[in-house]
Amino acid sequence: MRLPTARTEAFLRRPDPEIQAVLLFGPDFGLVHERADTVARSATEDLRDPFRVADLTGSMLAADPTRLHDEAAQIGLMGGRRLVRVRDAGDALGVLFARFFSHQIGDALVVVEAGDLPARGSLRRAFEDAPRAVAIGCYPDTARDLAGVIGESLDAHRVTVSRDAMEFLVTHLGGDRLLTRAELEKLTLYAGDGGRIELDDAMLSIADSATFSLDDAVFAAAEGDVAGLDRALVRVFQEGESPVAVVRLALRHLQRLHVLIARIAGGEPIESALRAARPPVFFKQQDSFKRQLRRWSEERVRRQLDSLAAAEARIKTTGMPAETVCRTALFELARNATGSPRA
C-alpha cells in the first residue's frame with residue numbers, strides 16, 4: 001500500500017506488525033537511511049546482529065533472485081523476528097518483489113532503501129499493490145519539518161537558539177537529512193551542553209558547509225548569470241544534492257526577495273530593506289542580494305514562484321528525470337532575471 005504523508009510519522013514510531021515489507025525511497029538519501037534504521041529497529045535493536053539480520057544490496061539480488069525468499073524464510077537462531085535489509089534497490093527489482101509478495105513466506109521484516117523512483121515504476125507499484133507492504137516517499141524537509149529537526153537535535157543537548165540563528169539554520173540546511181544532522185552535531189559540540197547559539201555562531205558553523213554550493217546556484221540564477229549557474233549546478237549534483245532541494249531553495253530565496261521587493265516598492269530604500277531582512281543576509285551575499293533587488297519586479301517574481309512550484313510538482317509526480325526538470329527551471333529563472341535596474 002502507499003502510506004499517506006499524514007500517517008508516516010505515526011507508522012515510523014510504531015510500525016504495524018502486520019506489515020512485512022517497507023520501501024523507503026526518494027531524493028533525500030539521508031532521510032531514506034534514517035527512516036530505514038527506525039523501521040528496522042522495530043524488528044531488532046541490534047542492526048548488526050548476524051543471527052537476525054541479513055544485509056543485501058540490489059546488485060546481489062539481481063545476481064541471485066532466489067536469495068530474497070531464502071533469507072526471508074529463515075528463522076532467527078536466537079529467536080525474535082528476522083530482518084532483511086536491501087540497500088541501493090532500483091526499479092529493475094520490481095518484478096522480483098512482485099513475485100516475492102505473491103509467494104511470501106515467513107514473518108521476516110524486509111526493509112528496502114531506494115533512490116528517487118518514478119511514480120509509475122515497477123518497484124513502487126509492487127509495494128503499493130501488496131496488502132502487507134508499504135511504500136514511503138522521503139523528500140527534503142520543508143521549513144516546518146526542518147525547524148522540528150533542529151529543535152529536536154538542540155534540545156537533546158539542552159542548547160537554546162536565538163530566533164535569528166534558527167531562521168538562518170532553516171534557510172541554509174535541509175537538502176539531506178544526514179548532512180543536516182552532521183551540521184547540527186557540529187554546532188552542538190561548538191555550543192556545548194546547556195549552551196546557546198546566536199546568529200554569528202550559526203553563520204560560523206555552517207559557513208563551510210556544502211550547502212553554500214546550493215546558494216551559489218540559486219544566486220547565479222537570480223542574477224541571470226547563466227555560465228555561473230551551469231558551473232554551480234555541476235558542483236551541486238557532484239556533491240550529491242537532490243534536484244528537489246535545489247528547486248525548494250530557489251523557491252525560498254524568491255519568496256524572501258518578494259518580501260523585500262514589496263518593501264522597496266512601498267518607498268523603503270534598498271539598504272534599509274536589506275538591513276531589516278530576517279534572517280539577516282549573510283555578509284558575503286549582500287552585494288549579490290542588492291543586484292537582485294534592483295533586477296527583479298514583484299510581478300516577475302510572482303510568475304517565477306509559480307513556475308518553480310510547478311517544477312517541484314513535476315519532479316514528484318510525473319516520473320520525468322528530476323535533474324533535467326531542475327536544470328530547466330533554474331535556467332528559466334536565469335533567463336527571466338532581466339529588467340531595468342532600480343535607482
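**View 1. Helix α1 and the lining of the largest pocket.** Helix α1 gives the largest share of this lining, six residues. This is a predicted model, where local features need pLDDT of at least 70, side-chain atom pairs count only at pLDDT 80 or more, and totals for chains, interfaces and linings use all residues. Residues are numbered from 1 along each chain as its sequence is written, and side-chain values use heavy atoms, with hydrogens and water left out. A pocket here is an open set of points on a 1 Å grid over the protein atoms alone where a 1.4 Å probe fits, with protein on both sides within 12 Å along at least five of seven lines; lining residues have an atom within 4 Å of a point. The largest pocket holds about 550 Å³ of space, and of its 26 lining residues, T5, T8, R35, G137 and Y139 sit closest to the centre. The volume is the space filled by probe spheres set on the points, which are joined across faces, edges and corners. At least two lining residues each come from α1 (5–13), α2 (29–40), β5 (133–137) and α16 (298–317). Helices (H or I, at least four residues) and strands (E, at least two) are DSSP runs, numbered from the N terminus. By type, the lining splits into eleven nonpolar, five polar and ten charged residues.

View 2. Helix α13 (243–265) takes the largest share of the lining with eight residues. Sort the lining by type and you get ten nonpolar, five polar and six charged residues.

View 3. Side chains of opposite charge can pair when their charged atoms come close. Here, R85 and D37 do it at 2.8 Å, N to O. A salt bridge is a side-chain nitrogen of Lys or Arg within 4 Å of a carboxyl oxygen of Asp or Glu. R85 sits in strand β3 (residues 83–89) and D37 in helix α2, so the pair links parts of the chain 48 residues apart. Both residues are buried (under 20% relative accessible area; exposed is over 50%, and partly exposed is in between, with a 1.4 Å probe and protein chains only).

View 4. In helix α6 (residues 122–129), R124 and E128 are about one helical turn apart, because they are four residues apart. Their salt bridge spans 3.6 Å, N to O. R124 is buried at 3% relative accessible area, while E128 is partly exposed at 22%. In helix α17 (residues 322–335), R327 and E323 are also four residues apart, and their closest N and O atoms are 3.5 Å apart. R327 is partly exposed at 22%, and E323 is partly exposed at 35%.

**View 5. R82 in its loop.** R82 lies in the loop between α4 (67–73) and β3, and it counts as buried at 6% relative accessibility. Its side chain reaches the backbone oxygen of F51 at 3.4 Å, a polar contact (a pair of N or O atoms within 3.5 Å; within protein, one must be able to donate a hydrogen and the other to accept it, and residues adjacent in sequence count only if both atoms are side-chain atoms). Leaving out residues up to four places away in sequence, R82 touches F51, R52, V53, A54, E71, Q74, A108 and L109, with contact meaning heavy atoms within 4.5 Å.

Methods. Ala, Val, Leu, Ile, Met, Phe, Trp, Tyr, Cys and Pro count as nonpolar, Asp, Glu, Lys and Arg as charged, and the others, Gly among them, as polar.
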